[in-house]
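Biologist: Hi! Could you walk me through this one while I have it open?

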Amino acid sequence: MTRGIDYGNLMHDAMRGLIRSVMEDVAQNGLPGAHHFFITVDTGHPDMQMADWLRDRYPEEITLVVQNWFDSLAVDPDGFAITLNFGNSPEPLYIPFDAISTFVDPSVEFGLRFELQGDEDEDDDDDSFDEAPMLEDAPSEEKSGEVVSLDKFRK
């Protein structure tokens with residue numbers, strides 16, 4: 001058996017490190033200029049912390065908007081805590097970096113998408129390596145708020 005370099009996971013670790021650095025800067029200095037983020041996360045991730053009513057409403061994923069109002073942003077090596085406003089109700093969240101499937105800053109047309117990749121030698125029946133769904137591939141269900149297509153931010 002030969003050992004290979006897992007470039008996919010190394011790249012994802014580097015991209016999550018970039019998100020960590022951005023969030024640390026925002027926690028210290030606030031959002032500069034027109035910058036804001038759309039962050040899609042897996043609400044079923046075991047370390048994701050959110051109110052039960054939010055998890056019931058978004059059982060698979062949620063796209064969070066970090067823009068005009070947020071509070072208590074704190075970053076640690078594994079994720080970040082933030083309080084966001086949902087219908088005039090401030091809700092604390094904890095988002096692990098490895099629960100993030102997309103991170104977009106539309107003000108500068110920057111975006112990252114994470115796809116889960118498995119070792120090609122692994123059994124195909126292992127569901128832990130399914131590709132993360134993109135926002136436009138998600139089944140539509142009625143939700144309050146604005147739905148944003150990421151297509152207009154891609155080059």
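Modeller: Happy to. Reading from the N terminus, the elements of the chain run α-β-α-β-β-β-β-β-β. Bear in mind that this is a predicted model.

Biologist: How many helices and strands does the chain come to?

Modeller: Two helices and seven strands.

Biologist: And what share of the residues is buried?

Modeller: Of the 155 residues in the chain, 34% are buried. The accessible surface is about 10000 Å², and carbon and sulfur atoms account for 47% of that.

Biologist: Let's go inside. Which residues have the most contacts in the largest nonpolar core?

Modeller: Phe80, Leu93, Ile95 and Ile100, in a core of 26 residues. At least two residues each come from H1, E1 (37–42), E2 (61–66), E4 (79–85), E5 (90–96) and E6 (100–105). H1 gives the most, with four residues.

Biologist: What does isoleucine 100 touch, leaving aside its neighbours within four places in sequence?

Modeller: Its contacts are Arg16, Ile19, Ile39, Thr40, Val41, Phe80, Ile95 and Phe114. For the chain in general, take contacts between residues at least 6 apart in sequence: 51% of them join residues at least 24 apart.

Biologist: Switching to the outside: which residues form a nonpolar patch on the surface?

Modeller: Ile5, Tyr7 and Leu10 do, with about 350 Å² of accessible area together. Tyrosine 7 belongs to helix H1, which covers residues 7–29.

Biologist: Why does tyrosine 7 count as exposed?

Modeller: Because its relative accessible area is 57%, and exposed means over 50%.

Methods. Residues are numbered from 1 along each chain as its sequence is written. This is a predicted model: local features need pLDDT of at least 70, side-chain atom pairs count only at pLDDT 80 or more; totals for chains, interfaces and linings use all residues. Side-chain values use heavy atoms; hydrogens and water are left out. Patches are made of residues with over 30% relative accessible area and no salt bridge: like charges are joined within 9 Å, nonpolar side chains (Val, Leu, Ile, Met, Phe, Trp, Tyr) within 5 Å. Accessible areas come from the Shrake-Rupley method with a 1.4 Å probe; for residues, only the protein chains shown count as cover. A salt bridge is a side-chain nitrogen of Lys or Arg within 4 Å of a carboxyl oxygen of Asp or Glu. Buried means under 20% relative accessible area, exposed over 50%, partly exposed in between (1.4 Å probe, protein chains only). A nonpolar core is a set of buried Ala, Val, Leu, Ile, Met, Phe, Trp, Tyr and Cys residues joined through side-chain atoms within 4.5 Å. Contact means heavy atoms within 4.5 Å.
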